[in-house]
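Please examine the sequence and the three-dimensional model shown below before reading the report.

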Amino acid sequence: MTLAPDLPPVAALVVGVLALGGALVAMLGAMGLLRMRTFYDRVHPPTMTASMGLAAIALASIVTSSVLGSRPVVHEFLLLFFVVLTLPVSMMLLARAAIFRDRSEAYDASMAAEARAAAEEEAAALAAAQEEAAALAYRDRELGGDDDAAYGAG
Amino acid sequence: MSQAALGYCLAAAQALLAVALFMCAYRLIRGPRAQDRVMALDALYMNGLLSIVMLGIRTGTQLYFEAALVIALTGFVSTSAVAKFLMRGEVIE
């Protein structure tokens, strides 16, 4: 004995098809979340879950409670209305946050590359100056520089 | 007869939703970056909402509807808050 509402056959068929279809769409949405490559691809599948999956399952719930109560019970539309209203807002916020993060990361990377290039240039200049100083010192030592003139007499 | 068939249908739907929940949990754990995790959490609560509504269909009561509505409300607020944090946490640093 499985747990199920006692519905007439037609209503049972409608509820079963709607519930199974909605759950299938929800699972396809989750599968898309799993399989897509980039974040911007992955934004799309959960909206399928929240729009069509929720619509089908809410309709199944409406049919069930209306048939069981012998009167129209439509408060599940509230759920659908609210989710359809709010989901695009949150997804848009999230996608904008992701775009901002990607852009700032690329900017940081370019700034780091610039700083690295500048540091390399500076190191090259320093090495050239050191080489020149070493050459001058060698010349002074080997050819007999004027030490008194260089370091002061006495 | 139709009641038993409907019971199997609803059980299969619940199993599909459970699979969807596990997929979202995998993405939540594995997600390469923070925004992937936030989106996986969003999909996770949406699937949880659907399975609560499905439980309400199975038991034929109206009690679970309110829980689903509360999940929808808090889920929206939390996702927007975390998205805002992801955006501003980088700015202020």
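The model is predicted: local features need pLDDT of at least 70 and side-chain atom pairs count only at pLDDT 80 or more, while totals for chains, interfaces and linings use all residues. Residues are numbered from 1 along each chain as its sequence is written, and chains are lettered from A and ligands numbered from 1 in the order in which they are written.

Between the chains, 54 residues of chain A are in contact with 51 residues of chain B; contact requires C-beta atoms, placed from the backbone, within 7 Å. Helices are DSSP runs (H or I, at least four residues), numbered from the N terminus. Three helices of chain B, H1 (2-30), H2 (34-59) and H3 (63-92), each supply at least two residues of the side that touches chain A. The largest share, 20 residues, comes from H1(B). The classes on this side of chain B are as follows.

| Class (definition) | Residues of chain B |
|---|---|
| Nonpolar (Ala, Val, Leu, Ile, Met, Phe, Trp, Tyr, Cys, Pro) | 33 residues |
| Polar (the others, Gly among them) | 11 residues |

The buried residues of H1(B) include B:Leu6, B:Cys24 and B:Arg27; a residue is buried if 20 or more other C-beta atoms, placed from the backbone, lie within 10 Å of its own. Their cover includes helix H1 (9-35) of chain A together with H2 of chain B.

In chain A, A:Ile62 is found in helix H3 (residues 44-69). A:Ile62 counts as buried because it has 20 C-beta neighbours inside 10 Å. Leaving aside neighbours within four places in sequence, A:Ile62 is in contact with A:Val73, A:Val74 and A:Glu76.

Conventions: Two residues are in contact if their C-beta atoms, placed from the backbone, lie within 7 Å. A residue is buried if 20 or more other C-beta atoms lie within 10 Å of its own, exposed if 12 or fewer, and partly exposed in between; C-beta atoms are placed from the backbone.
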